[in-house]
Amino acid sequence: MNQRGLKTICLYLTAWFMAALFSLPLLMMISGSLKSAEQLTRDPYSLLPAEWNWSNFPEALSSMPFFVYLSNTLLLCFGCVIGTTLSCALAAYGLSRVSWPGRNWMFGLVIATMLLPWHITMIPRFVLLSELGLYNSLWAIVLPTFLGEAFFIFLLRQFFMTIPEQLLDAGRIDGLSHWGLFWKIVIPLSKPALATVALFQFVTTWNDFGGPLLYLNDPKKFPLAYGLERFVSSYGDQTHLLLAAATLFTIPMIIIFFLAQKTFIQGISTTGIKG
Amino acid sequence: MPKNSNHHSEARAGWLFSMPWILGFLALFVWPFTASVWWSFCQYDLINSPEWVGWENYSRLTREAREQQGFGQALTNTLYYSLLSVPLSVVMGILLAVLLSARLRGQAIYRTLIFLPSVIPVVAASVLWLWLLDPQSGLVNYLLSWIGIPPQNWLNQARSAFSLETIGVLQNYTTGEPLKLLGSKDALILMTLWGVGNFVVIYLAAISDIPKSLYEAAEIDGASPGRKLLHVTLPMLSPVIFFNLVMGLIRSVQTFTSVYVLSEGTGAPGGSLRLISLELFLSAFSDLEMGYASAMALLLFIGLTLATTILFRTSRYWVHYRMAA
């Protein structure tokens, strides 16, 4: 065999090996969630369960108020997605398509907030939101998203700047104010960028653990991420149920990823943010 | 319409559109930052109003840093985790991206499988790794046994592989007894590397932007694949490597959820998973020492700013921007 063929085979082997290594933990989670407790101790490593124990899922669902957690998570996601897309689109328009003196240094401040670690604002924010009576309320997590988020303002601003000035001029001739230009021209043209922001915010809120940990103390208000962590504390030895619950919590993210793969990859490679 | 009033209305529109963000900036950044600085000089338990104590919180922090307790231990933990996980993520990210940019059949499948762990929620991933890293029945030790590595204690062991105590273990080592070098922080690094797909995606995008003509020119000069990687790919990637170093550093210092779930909020074993984020959270919300926690947050902020500045300073020696060429 020539040298080139050997090299190709090595490349294929490495690629398959790495892909297998990275997907193995995930496969183990899914197969583990289908094994009975007894099977999991006897034979933890086989990728295919000897018998498919679907009953883990209903059992995990009934060991915690799953649907309460799920509806809280969805409420949070819904509120945060609306808050972020709205506030960030407004700010991004003001910072790109309106010419006013403070614009550039204002944008500089937006970027600066991205570099501030959350630790330094955490305690005063907690005090502020508690003073507003939002402790133990989902609003403590939703409300801040109505006040903008630097990453998304940055992303939308970059997109808004690519909209041709002529289109806005045409709108101005038709007598549209900035408010009209924003809603009738910029927003309809920016659906892909807005969808990216909505998607990333949805995923961020779905995964968010710190916010609920800080602000919520009533189990009836817990979202899934926090509920799952509490589940670990009380069912730590019931690995099969833990894996079933973790799988249920993860599957929506995997589905969203496959449905919106392109948006995900583009969003990350253009802005470098994590979903 | 007179031009003046037009300017006026433009400015008004600009302020109005940015108003939600401006409010957020004032309420969620300016005021909290100021309050944090102020409270770092106070004793404050959330119930009674803040009481000025001068430099007391800071002297406690420096004392703990010297004695390697509390904050000092958290600082060492964070340095250990960041200094290992960030460079490892960069190296592994680049190698995987180079591999995945080779023209192979099924390329999309390999890319998807390597990225997929990055979309797993951190809480779920931590639950999963708690099981995978179990010293008796975990998959990781099982796989290690295939290549002859003795079972490791992972999340049950406070001592980590690259620590001074390890030297003592190696000195007292007698052949035949299993070497248990890897501990809880090494487990955390392993879990972090599993999520390297985010970085891979960024490198892949950058690699596809490198002009093919550069590789052709290198081939004409008779460059081997290794030389092409060293003299074409890496210099062309350097702006992205720099970006990922900075983002990776900021992200690693802020790691919270995984250590919280892995240690059930305690930072156990032996406080070895108390990274600064967790230490700060526990000081504030379980010890109710807001002043002390604020001082810690401020030191963290200063440290992170310094580290980023140093990275920026060094970048002019190794980052090649295409525009300048």
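User: What covers the buried residues of α13(B)?

Analyst: The model is a predicted one. In it, nine of the ten residues of helix α13 (residues 276-285) of chain B are buried, so this helix is largely enclosed by the rest of the structure. The buried residues include Ile276(B), Leu280(B) and Phe281(B). Their cover comes from both chains and includes α3 (71-101), α11 (225-253), α12 (257-262) and α14 (290-318) of chain B, together with α6 (119-131) and α12 (210-215) of chain A.

User: Which helix gives the most to the side of chain B that touches chain A?

Analyst: The contact between the chains takes 85 residues from chain A and 87 residues from chain B. Phe17(B), Trp21(B) and Trp131(B) supply 11% of the area that chain B buries against chain A, more than any other three residues. On the side of chain B, 22 residues come from the helix that gives the most, namely α1 (residues 3-39).

User: How many salt bridges are there between chain B and chain A?

Analyst: Twelve residue pairs are in polar contact across the interface, both residues being at pLDDT 80 or more. By class, the side of chain B that touches chain A has 69 nonpolar, 14 polar and four charged residues. A salt bridge would need a side-chain nitrogen of Lys or Arg within 4 Å of a carboxyl oxygen of Asp or Glu; the count between chain B and chain A is zero.

Note on methods
Residues numbered from 1 in each chain as written. Chains lettered and ligands numbered in written order. Predicted model: local features only at pLDDT ≥ 70, side-chain atom pairs only at ≥ 80, totals over all residues. Heavy atoms only, no water. Contact = heavy atoms within 4.5 Å. Buried area = accessible area lost by both parts, 1.4 Å probe. Polar contact = N/O pair within 3.5 Å; in protein donor to acceptor, adjacent residues only side chain to side chain. Helix = DSSP H or I, 4+ residues; strand = E, 2+ residues; numbered from the N terminus. Nonpolar A, V, L, I, M, F, W, Y, C, P; charged D, E, K, R; others polar. Buried < 20%, exposed > 50% of the residue type's maximum accessible area, 1.4 Å probe, protein only.
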